[in-house]
Amino acid sequence: MNEEKDTREENLDAAAKKKKIKRVEKSVLSVLLALVIVAVGFVAGWFGRWGALGKKKQSLLWAIDVAEENYYRDLEDALYDNLFASFGFDPYSGYYTAEEYETVVNEWNGQNLDAGFSVYTEEKPLQVYQIAAGSSAADAGIRKGMYFLKFGKTEETLKSGNAEDYFTFVANLKTGDTYCVLCGDSENESEATCYTLENGADGAGISLTRTYDPMRVYQVVGNSPADKAGLKRGMYILGYGASDNKEEMTAGSSADFFTFVKSLRPDNDGNIFFWLKCSFDKDDADASVYKLTMAEYQASYCFYRDNKVSYRFRTKEGSDKDKKPEAVLTDEPLTALDDDTAYICLSEFTGNAAAEFKECLQKMKDNNRKNLILDLRGNGGGRMNVFAEIASYLLKDATAGTQKVAYAKFKNGATVSYSVKGSYYKDYFGESSRISILADEYTASASECLIGALIDYKTISFSDVYLHRNGKGEARTYGKGIMQTTYEGPSGSALKLTSAEIFWPKSGKTIHGVGVTTADGANAILSTLLPDSTDSFLQEAIGVIKNKPTVSPDAPSVSV
């Protein structure tokens, strides 16, 4: 009996073990099946995604893989640097490495690390370098050294361009074709002569060259080492060097100068110094020498002047580098102003610009000035939120609240408005106050938005805008009616892309590619782009504004 019982129990145990094994097998099979389904789904999804990329993206990814695996040298850095560079679809778009983006963000917040100035090289018009004997140009009377200003098939179709443009134009002509060139003994087109030339087997016999003036200081950042050293916008840079010895200084191109700056090494205290020889006179043998340093500083963006006092925003020597600049009395009164008018220069819509602008308005109020000349020359724009905050002090025909001062239209049809959070015009201006705007061909973006908002809210009319007119007779603002958005990526990198068009708040006007022009009714003042020692553009604008009768912004405007 016991043996039978033991046998039955063994049989039961064996059956139970078989059932358990089957359950385990089923579980394993279920897991494997699930994994297979997931894998198939993943592969199907991957191939679906791959198929959705399209042939060009597939080819690009394939080319990257092949190059990385088979090129005989390690090319990862060069490969991706070139790929990222291709995101520069326009002058405003581009890829930032983590280090570059950190610098950009710091600059948005006004935290800079440099000497605090930029340079500008003004290229002269093309000049005739050589005339071939017996050529059509020689027969026409064109001489070596003449300024070569324009060219075209006929006098009515003359256009300006560089030497490459001209020679491409000639190369597309047939032998025996005639065309026109505008040449003169000065840069003034009104004094030039239009010559008719015949294209020969070797062209018309003209060789061209171009000369450049010395570098000039284009912009000086407020509170920077350059600002504190006394460097001024418009000065010629006649020499640079690692010491203050004028005889050892070099006069070179902007590329040479930047190469020189990059070659500098810190002294024992970790400071990097260099010296500039500068003057408003490009032939000044006794030009002053300025000591510059590469340093961290908080940038400032406004300065104030009337006919009695002037203020710049500065931090005191030895202050913490993150300390915001404060208004400091300087000795730069603008004596041409009358007793009712103040002048504020606003260089950028960034960092602490709105707070500085408000403080300048308070200085204006404290000094009993009711009119304002706002200088936006060279102001390339900045942050839209800073623009909106500054606009809140200048909208005459606005109620307190959230007035729209610009709006953006995106690719997907979405519209985003930029609005003020209050209206403070009456805190600083009265009914008879006048605001005038100074601008040039580098007044762009947020600056043009501000002009648009002031016009749409009837603070000013177009006739209150004063534009720089160049030697070619052109007078306009830059014409940037597009906006960029910065997208933050992995590992601190970022991609800045032109993402929307910008429109004026009420009229819906866009100035992109056109700018504000004399055709709108703005005034034009003939002068050099950069100021001389007296800033002749500013002096003439003040004279016109003083003698201008007060009119409503709705009245027709007149150009001078």
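Predicted model: local features only at pLDDT ≥ 70, side-chain atom pairs only at ≥ 80, totals over all residues.
Visitor: What makes S499 a buried residue rather than an exposed one?

Guide: S499 has a relative accessibility of 14%, and buried means under 20%, so S499 counts as buried. The residue sits in strand β23, which runs over residues 494-503, and, leaving aside its neighbours within four places in sequence, S499 is in contact with K409, F410, K411, M483, Q484, T485 and Y487.

Visitor: Which residues of helix α8 are buried, and how do you know on which side they lie?

Guide: In α8, which covers residues 254-263, the buried residues include F257, F260 and V261. They cover an arc of only 95° around the axis, and therefore lie on the same side of α8. An α-helix has 3.6 residues a turn, so residues three or four places apart point the same way.

Visitor: What covers that buried side, and what does the face turned away from it carry?

Guide: Among the elements covering the buried residues of α8 are the strands β3 (117-120), β10 (236-241), β11 (272-279) and β12 (288-298), while the face turned away carries T259 and K262, which are exposed.

Visitor: Why is the aromatic pair of Y240 and F260 called tilted?

Guide: The ring centres of Y240 and F260 are 5.1 Å apart, and a pair needs centres within 6.5 Å, so the two rings count as a pair. Their planes stand at 40° to each other; since planes under 30 degrees apart would be stacked and those over 60 edge-to-face, the pair is therefore tilted. Y240 belongs to strand β10 and F260 to helix α8, 20 residues apart, and the pair links these distant parts of the chain.

Visitor: Are Y240 and F260 buried or exposed?

Guide: With buried set at under 20%, Y240 is buried because its relative accessible area is 5%, and F260 counts as buried because its relative accessibility is 16%. Ring pairs also join Y240 and F260 with F117, F257, F258 and F274 into a cluster.

Visitor: What makes you say that R216 lies over the face of Y236?

Guide: R216 is at 4.4 Å from the ring centre of Y236, and the distance has to be within 6 Å; R216 lies over the face of the ring. K480 likewise lies over the face of Y92, at 4.6 Å from the ring centre.

Visitor: Where is the predictor's confidence below 50?

Guide: The pLDDT is below 50 over residues 1-12, a stretch with zero contacts in the model beyond near neighbours in sequence, whereas the mean pLDDT of the protein chain is 87.

How values were computed:
Residues numbered from 1 in each chain as written. Heavy atoms only, no water. Helix = DSSP H or I, 4+ residues; strand = E, 2+ residues; numbered from the N terminus. Buried < 20%, exposed > 50% of the residue type's maximum accessible area, 1.4 Å probe, protein only. Contact = heavy atoms within 4.5 Å. Arc of directions from axis to C-beta. Phe/Tyr/Trp six-rings, centres within 6.5 Å; stacked < 30°, edge-to-face > 60°. Lys NZ or Arg CZ within 6 Å of the ring centre and 35° of its normal. pLDDT = per-residue confidence, 0-100.
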